[in-house]
Amino acid sequence: MPKETRTRRVTTAQARTYLGKAEEFLEAARETLEAGHALASTSLSVHAGISACDAICGARTGQRAAGSDHGQAVALLNEAGREGKNAARVLTRLMPLKNRAEYEPEDVPRATAKHAVDQAERIVAIARRVVT
């Protein structure tokens, strides 16, 4: 039996706030990558992606995923129109990097961090189009 998706209500103003968070995380991800901190850059990119998804879902569905399973966020994004489906594909590529950056003992190569920043830029751009 599939798990029920836990959600929280999101207002239009809150969707804009999530976009602002996504922009801030993305800017920090770019700066830390430039400074040579691949691990921090990867983690910040993932958080930019998550906040961008909250913005997209909030703007399109009036809610955001509230569970610890980010797969539920992907499911909710798929209900948020064409842009949501595009964002879901990006988030699916970005989320595996969260565990790698935040929980695994190995270092994150610069190329992986650069890929994470690129994916975060894509998903934040989608959020900008949806929210503004």
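**Helix packing around H2 and H6**

In this predicted model, helix H2 (residues 38-61) and helix H6 (residues 110-131) have axes that come within 8 Å and cross at roughly 20°. That angle falls under 35 degrees, so H2 and H6 count as roughly parallel to each other. As for handedness, H2 goes past H6 in a left-handed crossing. On the H2 side, the contact is built from Ala 38, Ser 41, Thr 42, Ser 45, Ala 48, Gly 49, Ala 52, Cys 53, Ala 55, Ile 56, Ala 59 and Arg 60. H6 brings in Arg 110, Thr 112, Ala 113, Ala 116, Val 117, Ala 120, Ile 123, Val 124, Ile 126, Ala 127, Val 130 and Val 131. Sorted by type, the residues of this contact come out as 17 nonpolar, five polar and two charged.

Val 74 sits 17 residues away from Leu 91 in sequence, with 7.1 Å between the two C-alpha atoms. Leu 91 counts as buried because its relative accessibility is 1%, against a cut-off of under 20%.

How confident is the predictor overall? The protein averages a pLDDT of 92, and 96% of the residues score at least 70. Among the elements, helix H1 (residues 12-34) has the highest mean pLDDT, at 98, while helix H3 (residues 70-77) has the lowest, at 84.

How values were computed. Residues are numbered from 1 along each chain as its sequence is written. This is a predicted model: local features need pLDDT of at least 70, side-chain atom pairs count only at pLDDT 80 or more; totals for chains, interfaces and linings use all residues. Side-chain values use heavy atoms; hydrogens and water are left out. Axes are lines fitted to C-alpha atoms, for helices over the stretch in contact, and angles run from 0 to 180 degrees between N-to-C directions. Helices (H or I, at least four residues) and strands (E, at least two) are DSSP runs, numbered from the N terminus. Angles under 35 degrees count as roughly parallel, over 145 as roughly antiparallel, 65 to 115 as roughly perpendicular and the rest as oblique. A crossing is left-handed if the near helix is turned anticlockwise from the far one by less than a right angle, and right-handed if clockwise. Contact means heavy atoms within 4.5 Å. Ala, Val, Leu, Ile, Met, Phe, Trp, Tyr, Cys and Pro count as nonpolar, Asp, Glu, Lys and Arg as charged, and the others, Gly among them, as polar. pLDDT is the predictor's confidence in each residue, from 0 to 100. Buried means under 20% relative accessible area, exposed over 50%, partly exposed in between (1.4 Å probe, protein chains only).
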